[in-house]
Amino acid sequence: MTTATAPADTRMRRIRLALWTGLALQLALAALPLLDLATLDTITGHVEAAYPDWSAGDVALDRNAITWSLTGIGVLGAIGWLTALARARRGAPRIAVTVLFALGLLTSLTVLSMGGEQYDLIVPLGYGLLGLLPVLAGLAAVVAVWRKDR
């Protein structure tokens, strides 16, 4: 004998899955710049390409600023995902998920498109594009919280 799950249970499961997926992606993105710094150090190459005449010390300062900015944004994003998960536990996540999605989308698009001085893009394009992955999970969460139970 099988038991049917209620539509509300299925909906909440979908919401939680999207939120946990977004949190996992966000945490991975927060760690990625630090991992890159310890291994490949692609951000240094990005800075050197924009400022070939800079000293190693100046390049390191800019590299560190970009690396820690990306990590900080990732940590703040993770706090947003945890906030949305806490609201989902209480059964009232619609407004929280929607507002946090809008903030995440705005932040990701800003990181992806911001340039300055010699930089076409301050953040390397790969990091900017990867920053959109949690946004996709956020979109899935928004759709799930606003979808009507059937």
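Trainee: At roughly what angle do the axes of α1 and α6 cross, and within what distance do they come?

Mentor: Two packed helices are described by the angle between their axes and the distance between the axes. Here the axes of α1 and α6 cross at roughly 165 degrees and come within 8 Å. Axes are lines fitted to C-alpha atoms, for helices over the stretch in contact, and angles run from 0 to 180 degrees between N-to-C directions. Helices are DSSP runs (H or I, at least four residues), numbered from the N terminus. This is a predicted model in which local features need pLDDT of at least 70 and side-chain atom pairs count only at pLDDT 80 or more, while totals for chains, interfaces and linings use all residues. Residues are numbered from 1 along each chain as its sequence is written, and side-chain values use heavy atoms, without hydrogens and water.

Trainee: Are α1 and α6 roughly parallel or roughly antiparallel to each other?

Mentor: They are therefore roughly antiparallel to each other, a term for angles over 145 degrees. Their crossing is left-handed, that is, the near helix is turned anticlockwise from the far one by less than a right angle.

Trainee: How do α1 and α3 pack?

Mentor: α1 and α3 pack at about 165 degrees, with their axes 9 Å apart. That makes α1 roughly antiparallel to α3. The contact of α1 with α3 divides into 21 nonpolar, 7 polar and 3 charged residues. In this scheme Ala, Val, Leu, Ile, Met, Phe, Trp, Tyr, Cys and Pro are nonpolar, Asp, Glu, Lys and Arg are charged, and the others, Gly among them, are polar. The α1 and α3 crossing is left-handed.

Trainee: What is the handedness of the crossing of α4 and α6?

Mentor: The crossing of α4 and α6 is left-handed. Their axes come within 9 Å and cross at roughly 155 degrees, which makes α4 roughly antiparallel to α6.

Trainee: How much space lies in the largest pocket?

Mentor: Rolling a probe the size of a water molecule over the atoms shows where empty space is left. The largest pocket holds about 560 Å³, a volume being the space filled by probe spheres set on grid points joined across faces, edges and corners. A pocket is an open set of points on a 1 Å grid over the protein atoms alone where a 1.4 Å probe fits, with protein on both sides within 12 Å along at least five of seven lines; lining residues have an atom within 4 Å of a point.

Trainee: Which residues lie nearest the centre of the largest pocket?

Mentor: Of its 28 lining residues, Q26, I73, G77, G104 and S108 lie nearest the centre. The elements giving two or more residues to this lining are α1 (7-38), α3 (56-89), α4 (94-113), α5 (125-130) and α6 (133-146). α4 gives the most, with 9 residues. The lining has 18 nonpolar, 10 polar and no charged residues.

Trainee: What is the volume of the second largest pocket?

Mentor: The second largest pocket has a volume of about 200 Å³. Of its 15 lining residues, I66, S69, M114, I122 and V123 are the closest to its centre. α3 supplies the largest share of this lining, 6 residues.

Terms used
Parallel < 35°, antiparallel > 145°, perpendicular 65-115°, else oblique.
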